[in-house]
Amino acid sequence: DMMAWGAHKTIIENGLSIPEDISLIGYGNITMEDQLYIPLTTVKQNSYKIGELACKSLMDKISDSTGKDKIYKKALVSTELIIRETTALLS
C-alpha cells in the first residue's frame, strides 16, 4: 500500500486520473485513507495468521532436540481483494 500511495501522488502530479487513466491496487490494507483523494483498492492479508505460523515454525525449530534441520513446509494464508475506487472495470 505504501508504494501505491507514492504511485498515486505521482500519477496525480502528472495530470492523469485514477481510475480513468490508470487503475491502482495496493497490498496490505494499511489504513490511511485520509492520505489519498480516492480510497485505494487493496489486497488484505491476515497478518495475525502469518505471525501465528511464523511463531509456530520458530517454536518447532527451538524445541527440535535432534539438532537436525527440519524440512520447512510452505504455508498458504488466504487473502481478500477489497475493491475500492482506484480501479475501473475494463470495457
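Leaving out its neighbours within four places in sequence, Leu24 is in contact (heavy atoms within 4.5 Å) with Ala4, Ala7, His8, Ile18, Leu40, Thr41, Thr86 and Thr87. The model is predicted, so local features need pLDDT of at least 70 and side-chain atom pairs count only at pLDDT 80 or more, while totals for chains, interfaces and linings use all residues. Residues are numbered from 1 along each chain as its sequence is written, and side-chain values use heavy atoms, with hydrogens and water left out.

**Nonpolar core**

- Leu24 also belongs to the largest nonpolar core, which has 7 residues in all.
- A nonpolar core is a set of buried Ala, Val, Leu, Ile, Met, Phe, Trp, Tyr and Cys residues joined through side-chain atoms within 4.5 Å.
- Buried means under 20% relative accessible area, exposed means over 50%, and partly exposed lies in between (1.4 Å probe, protein chains only).

- The structure holds 3 salt bridges, each defined by a side-chain nitrogen of Lys or Arg within 4 Å of a carboxyl oxygen of Asp or Glu.
- One of them joins the side chains of Lys9 and Glu13, at 3.8 Å from N to O.
- Both residues of this pair, Lys9 and Glu13, sit in helix H1 (residues 2-13), 4 residues apart, or about one turn of the helix.
- Helices (H or I, at least four residues) are DSSP runs, numbered from the N terminus.
- Lys9 and Glu13 are both exposed.

- Glu52 and Lys49 meet through their side chains in a salt bridge of 3.3 Å, N to O.
- These two residues, Glu52 and Lys49, are 3 residues apart in helix H2, about one turn of the helix.
- Glu52 counts as partly exposed because its relative accessibility is 39%, and Lys49 is partly exposed with a relative accessible area of 35%.
- A salt bridge also links the side chains of Lys56 and Asp60, at 3.1 Å from N to O.
- Lys56 and Asp60 both lie in helix H2, 4 residues apart, about one turn of the helix.
- Asp60 has 29% relative accessibility and therefore counts as partly exposed.

**Ala54**

- Ala54 is placed in helix H2, which covers residues 47-63.
- Its relative accessibility is 47%, so Ala54 counts as partly exposed.
- From C-alpha to C-alpha, Ala54 and Ala75 are 9.6 Å apart in space, and 21 residues separate them in sequence.
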